[in-house]
Amino acid sequence: MSNGLATVAGGLVGLAALGSLGAAAAARARRGRPYLARGLYVAVDGPVDPAVTAARHGYAAVEVGVRLHAGVLRLTCTVPPGQEPPTFEQAVIAPLANRVAANPLGRVHARRAEPFLLLVRSAEGSPYEAVDRVLRPHAAILTTFLGGRVVPGAITVVLTGPHWSRADVLGAYERHAFLEGRFSDLEPGGLPVSVAPLICEALAARLDYDPLEEWPEFPAEARHIVRSLVRAAHEGGRQVRFVDVPEAPRQVRTAFWRELQAADADLIGSRHRAALARFLRRPVRREYKHRAAPVRYAPERAPSPR
């Protein structure tokens, strides 16, 4: 009998321990994951709650896709047949506003002063007025451009992709969204920082990367190009991110991410949310050896006269 009671007691102790572990895991889930300062969750194809998912996993930024349906902006995520995608307001803006309201500091992430970055990609020619109608009621929590002055907020909205009209954004006296610029905007006559605080570049194309090649480490020339681009953006007062970064194979993807991190790129984005989060939580290695031999350039000497 005593042995049986001991077995039951042991089982109850084990259940109590499991319950404690479960409660601790639930508490950690409610608190959210560690903050990922460079993390950009690319969620243009889903899920249906991209902003909440990104914030819960600690991401500093999220990119969502929208499309205009009968005058209403809806997400471009995949939904079951017969259902409409959720609206941009209900799936992105309202949940972020609720999160800001619940934070005593009025931010998306607790104990983080910098704004949460919301990138909005239009799948087609959506007019600026459509997104402005959604953003304007939430002006109090958004970074705002007002008469030539930028007023920081809890969330900074940046319109990305080729389908937004630059003229509509430039013509607004008061607006709650900005444009993603290009490196050409660093030149005279380009978009000012107050319009395009973030610029981007298609990296694989810029580096002439061939998917048939394997880049477990960056060649020295590619490394120099990446760091030069990041330095130029920062000297121009802009943040910078790179698109067209290979997502497979994993070894190549990690090599690109590692180089972007070492070069101080402001955002590193991926659809692979869990893999990118694991990478960003590792210690930063800014200097590491490359297999590529250093290339030294010397001016050609003219042949000496005889």
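Student: Where is the place of Asp244?

Tutor: This is a predicted model. Asp244 lies in the loop between strand 11 and helix 8.

Student: What is the phi of Asp244?

Tutor: The general idea comes before the case. Most residues other than glycine have a negative phi, and most peptide bonds are trans. Asp244 has a positive phi of about 65 degrees, although it is not a glycine. At 42% relative accessibility, Asp244 is partly exposed. Ala70 also has a positive phi, near 50 degrees, and is likewise a residue other than glycine. Ala70 sits in the loop between strand 2 and strand 3, and with a relative accessible area of 86% Ala70 is exposed.

Student: Which residues does a cis peptide bond join?

Tutor: Pro47 is in the loop between strand 1 (36-43) and helix 2 (50-56). Another joins Ala248 and Pro249, with omega about -5 degrees. Pro249 belongs to the loop between strand 11 (239-243) and helix 8.

Student: How many helices and strands does the protein have?

Tutor: The protein has 9 helices and 12 strands. Of its 306 residues, 44% are buried. Among contacts between residues at least 6 apart in sequence, 62% join residues at least 24 apart.

Student: How many residues of helix 4 are buried?

Tutor: A residue counts as buried when its relative accessible area is under 20%. Helix 4 (residues 128-135) is mostly covered, with 6 of its 8 residues buried. These are Tyr128, Ala130, Val131, Asp132, Val134 and Leu135. Their cover includes strand 2 (59-69), strand 3 (72-75), helix 3 (88-102), strand 7 (155-160), helix 5 (166-170) and strand 8 (174-175).

Student: At what angle do helix 3 and helix 4 cross?

Tutor: The axes of helix 3 and helix 4 cross at roughly 50 degrees and come within 11 Å. Helix 3 is therefore oblique to helix 4. Their crossing is right-handed. Phe88, Glu89 and Ile93 in helix 3 meet Val131, Val134 and Leu135 in helix 4. The residues of this contact divide into 5 nonpolar, no polar and 1 charged. An α-helix has 3.6 residues a turn, so residues three or four places apart point the same way.

Student: At what angle do helix 8 and helix 9 pack?

Tutor: Helix 8 (residues 250-262) and helix 9 (residues 273-280) pack at an angle of about 45 degrees, and their axes are 11 Å apart. The two helices are therefore oblique to each other. The crossing of helix 8 and helix 9 is right-handed. Helix 8 contributes Arg253, Thr254, Trp257, Arg258 and Gln261 to the contact, and helix 9 contributes Ala275, Leu276, Phe279 and Leu280. These residues comprise 5 nonpolar, 2 polar and 2 charged.

Student: Is Phe279 buried or exposed?

Tutor: Phe279, found in helix 9, is buried, with a relative accessible area of 6%. Leaving aside neighbours within four places in sequence, Phe279 is in contact with Thr254, Trp257, Arg258 and Gln261. The C-alpha atoms of Phe279 and Leu36 are separated by 10.0 Å, although these residues are 243 apart along the chain.

Student: How many disulfides does a search of the whole structure find?

Tutor: A disulfide is a covalent bond between the sulfur atoms of two cysteines. A search of the whole structure finds 0 disulfides. Cys77 is buried, with a relative accessible area of 7%, and Cys200, at 18% relative accessibility, also counts as buried.

Technical notes
Residues numbered from 1 in each chain as written. Predicted model: local features only at pLDDT ≥ 70, side-chain atom pairs only at ≥ 80, totals over all residues. Heavy atoms only, no water. Axes fitted to C-alpha atoms, helices over the stretch in contact; angles between N-to-C directions. Helix = DSSP H or I, 4+ residues; strand = E, 2+ residues; numbered from the N terminus. Parallel < 35°, antiparallel > 145°, perpendicular 65-115°, else oblique. Left-handed = near helix turned anticlockwise from the far one by under 90°. Contact = heavy atoms within 4.5 Å. Nonpolar A, V, L, I, M, F, W, Y, C, P; charged D, E, K, R; others polar. Disulfide = S-S within 2.5 Å. Buried < 20%, exposed > 50% of the residue type's maximum accessible area, 1.4 Å probe, protein only.
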